[in-house]
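Please look first at the model shown here, and then follow the account of how its chains are built and where they meet.

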Amino acid sequence: MAFKDDLQALRPYLLRYASLHLRNRDAAEDAVQETLVAALAAEAGFAGRSNLRTWATGILKHKIVDAIRRAGRERPLEGEDGSDDFDALFDERGHWHEHPDAWPDPDAALQEKQFLAALQRCLEGLPPRTAQAFLLREHMGLETAEICKELGVTSTHCWVLLYRARMALRECLGKSWFGQ
Amino acid sequence: MNLSCKEATRLLSQREDRKLALGERVALRLHLALCRGCRAVSEQIPFLRRALARYFDLPD
């Protein structure tokens, strides 16, 4: 009974987590629901572990990858094509129009809640597939070959998505947080 | 091999995902020695991973 309540209390966190990855309210709700059901059924598997949230998030990660895989099969190349769209940053010879500046003490920003909120807004501003590729790589720790497979894209496209995500995030954080 | 900034930033991204070939590493190092903008990016890209880890670590 207490276990069930503890799980329910995690729902908002899990939903936020799933939404960030899946970008689709219904898909996020489904993944969280499946996670809660699986977690309840696996209560014995949790016994003795210290952190329920970490454990439940671990289950949710699998559900999210499953959902991304299904979506990748259903609509493999929807939007966000492989073309390069950083013409705004570079001139025709590939040099910076305006070269970026180093950020002053970025690691200090990690201690600030407001910075993490800015990071979330930047992540939410990425196109869905771009964000998914980035999160699968950086957060889930998948190799690029797996990411291409899950998203149903070519490996070249996969590199482009990751490159685009990183460049867009650094641009966004530079503007919204580091005042550049 | 003389890299443009566009090529250099692409390698800075791929460096997070695969081991660069020797030629790529040398070319990148040469480019970074001369280019302040790409040097900034070379620190910002690994920072994103630390920031993300911190973000998902939030207690709430």
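Predicted model: local features only at pLDDT ≥ 70, side-chain atom pairs only at ≥ 80, totals over all residues.

Residues are numbered from 1 along each chain as its sequence is written, and chains are lettered from A and ligands numbered from 1 in the order in which they are written.

Chain A has 10 helices and 0 strands, where helices (H or I, at least four residues) and strands (E, at least two) are DSSP runs numbered from the N terminus. Its C-alpha atoms fill a box of roughly 65 × 40 × 25 Å along the principal axes. Of the 180 residues of chain A, 33% count as buried; a residue is buried if 20 or more other C-beta atoms lie within 10 Å of its own, exposed if 12 or fewer, and partly exposed in between, with the C-beta atoms placed from the backbone. Among the contacts in chain A with a separation of 6 or more, 66% join residues 24 or more positions apart, two residues being in contact if their C-beta atoms, placed from the backbone, lie within 7 Å.

Chain A is divided into domain 1 (2-74) and domain 2 (106-176), with bounds that come from an automatic or database domain assignment. The centres of these two domains of chain A, taken over C-alpha atoms, are separated by 21 Å, and the contact takes 9 residues from domain 1 and 9 residues from domain 2. On the side of domain 1 that touches domain 2, helix H2 (11-22) and helix H5 (52-74) of chain A are the elements that give two or more residues, and H5(A) gives the most, with 6 residues. By class, this side of domain 1 has 3 nonpolar, 2 polar and 4 charged residues; Ala, Val, Leu, Ile, Met, Phe, Trp, Tyr, Cys and Pro count as nonpolar, Asp, Glu, Lys and Arg as charged, and the others, Gly among them, as polar.

Helix H8(A) is mostly covered, with 10 of its 11 residues buried. Its buried residues pack against H2, H5, H7, helix H9 (144-151) and H10 of chain A together with helix H3 (36-55) of chain B.

Between the chains, the contact takes 27 residues from chain A and 27 residues from chain B. On the side of chain A that touches chain B, helix H7 (113-124), helix H8 (128-138) and helix H10 (155-176) of chain A each supply at least two residues, and the largest share, 7 residues, comes from H10(A). The residues on this side of chain A divide into 15 nonpolar, 6 polar and 6 charged.
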